[in-house]
Amino acid sequence: MDEEYEVIVLGTGLKECILSGLLSVDGLKVLHMDRNDYYGGESTSLNLNQLWKKFRGEEKAPAHLGSSRDYNVDMMPKFMMANGKLVRVLIHTDVTKYLSFKAVDGSYVFVKGKVQKVPATPMEALKSPLMGIFEKRRAGKFFSYVQDYDEKDPKTHDGMDLTRVTTKELIAKFGLNEDTIDFIGHAVALHSNDNHLHQPAYDTVMRMKLYAESLARFQGGSPYIYPLYGLGELPQAFARLSAVYGGTYMLNKPECTVEFDEEGKVCGVTSEGETAKCKKVVCDPSYLPNKVRKIGRVARAIAIMSHPIPNTNESHSVQVILPQKQLGRKSDMYVFCCSYSHNVAPKGKFIAFVSTDAETDNPQTELQPGIDLLGPVDELFFDIYDRYEPVNEPTLDNCFISTSYDATTHFDTTVVDVLNMYKLITGKELDLSVDLNAASAAEEE
């Protein structure tokens with residue numbers, strides 16, 4: 001412990017492990033500590049007995065649910081965009097050699113009380129009941145515009161500056177109706193509320209392009225991929241990467257106290273009477289509670305089931321988005337389901353999650369519209385946690401604190417936070433210009 005490091009990382013959540021790996025690859029001397037005796041922090045995966053102990057307070061789960069070790073239940077369930085930034089980080093760091101991925105069967109959206117498939121092919125789009133025939137034509141023109149849009153080629157802009165034109169103004173040009181706008185914004189561009197309508201359209205167009213590119217990558221029924229054995233594999237893979245590049249790991253270190261000098265800058269971390277000196281600290285909000293503020297709560301239901309989610313074409317892995325407007329809420333609700341096909345449950349068992357931002361004092365009741373879509377469940381657990389964001393000034397104290405995980409079931413915001421933190425810590429952008437198609441290691445088995 002009594003050594004000097006350039007960076008000490010506290011907590012082995014996914015964000016912290018990615019940063020630990022990236023900084024080690026950059027040649028920085030990194031010490032990574034966690035008060036827990038397992039990897040993953042808040043984003044760990046639990047076996048059935050661990051899940052039972054956490055939510056029921058009992059050591060062992062009932063035998064009829066199958067072997068405990070066949071379960072890998074994510075505490076922060078999220079799918080990855082097949083062409084997204086997280087996959088680029090995985091390939092950039094060569095972490096893919098520690099992981100196996102499989103495509104997710106389907107992407108669905110809840111519209112007018114029904115679960116509908118987000119079309120994955122032109123043929124599906126033609127048959128989809130999401131839009132009438134004339135609306136499909138109008139939407140087709142809009143999708144063509146998005147597909148052809150190239151920020152470097154003004155000829156593709158149709159006279160519009162998407163950094164100034166709002167999403168609402170852009171969509172109005174194509175005459176799309178409210179339901180289509182809702183579907184595009186939430187099920188394709190993956191916005192979690194309607195704020196994007198009044199913001200520059202560029203972000204929404206780029207998100208739509210990413211969705212289309214990710215869909216094309218595996219030619220599957222959705223743009224998402226997911227690691228075999230669950231997300232708990234990810235923090236460990238990045239920890240392994242860090243160790244390969246000289247990073248030091250210490251788990252089960254209680255009372256990690258961040259030390260500051262007289263100028264208020266971080267100078268080390270003390271645990272069990274020993275202090276490791278450092279220039280910078282990276283951590284999750286729980287390690288520096290006086291430098292963060294609460295920004296909300298996430299409510300989540302976790303279900304063990306013996307069947308796929310109804311009306312999803314028997315999909316073994318699926319995301320269903322319930323847009324805020326369809327539920328009369330301020331934010332979207334997400335249903336995430338995976339199963340034994342991704343090695344996260346015994347054969348014949350499915351794990352489903354319903355997540356949303358808590359908007360009332362009765363979050364369990366808020367989750368009901370999502371729970372109603374699941375059909376009969378074998379077991380149901382409820383989890384509520386507070387979300388925090390940093391309020392410190394890293395240039396003054398050299399503390400770099402991640403933001404708590406949100407309710408979304410895709411990795412978009414998580415990776416944005418990691419890349420922003422990386423830039424703050426190192427003063428440079430992470431170069432993710434990798435050829436994804438050449439990087440076959442991340443492809444589906």
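A nonpolar core is a set of buried Ala, Val, Leu, Ile, Met, Phe, Trp, Tyr and Cys residues joined through side-chain atoms within 4.5 Å, where buried means under 20% relative accessible area (1.4 Å probe, protein chains only). In the largest such core, which has 100 residues, Met80 and Leu170 touch the most other members. The structure is a predicted model, in which local features need pLDDT of at least 70, side-chain atom pairs count only at pLDDT 80 or more, and totals for chains, interfaces and linings use all residues. Residues are numbered from 1 along each chain as its sequence is written, and side-chain values use heavy atoms, with hydrogens and water left out.

**Domains**
- An automatic or database domain assignment supplies the domain bounds.
- Domain 1 covers 4–44 + 231–292 + 389–428, domain 2 covers 47–105 + 294–387, and domain 3 covers 118–216.
- Between the C-alpha centres of domain 1 and domain 3 the distance is 37 Å.

- Leaving aside residues up to four places away in sequence, Met80 has contacts (heavy atoms within 4.5 Å) with Leu86, Val87, Leu90, Phe101, Pro223, Tyr224, Ile225, Pro227, Leu231, Leu234 and Phe411.

**Three-stranded sheet**
- An open sheet of three strands runs in the order S5-S9-S6 with antiparallel pairing; two strands pair if DSSP finds at least two bridges between them.
- Strands S5 (80–81) and S6 (101–103) are at the edges with a single partner strand each, so one side of each has no neighbour in the sheet.
- Two antiparallel bridges join S5 to strand S9 (residues 224–227), and Tyr224 in S9 is the bridge partner of Met81.

**Helix H8 and Arg217**
- From first C-alpha to last, the 18 residues of H8 reach 27 Å, close to the 26 Å expected at 1.5 Å a residue; the expected span is 1.5 Å times one less than the number of residues.
- Among the buried residues of H8 are Val205, Met208, Leu210, Tyr211, Leu215 and Phe218.
- Arg217 is also part of H8 and counts as buried because its relative accessibility is 12%.
- The Arg217 side chain reaches the backbone oxygen of Ala82 at 2.6 Å.
- After H8 comes Gln219, with a positive phi near 55°.

Methods:
Buried means under 20% relative accessible area, exposed over 50%, partly exposed in between (1.4 Å probe, protein chains only). Helices (H or I, at least four residues) and strands (E, at least two) are DSSP runs, numbered from the N terminus. A polar contact is a pair of N or O atoms within 3.5 Å; within protein, one must be able to donate a hydrogen and the other to accept it, and residues adjacent in sequence count only if both atoms are side-chain atoms.
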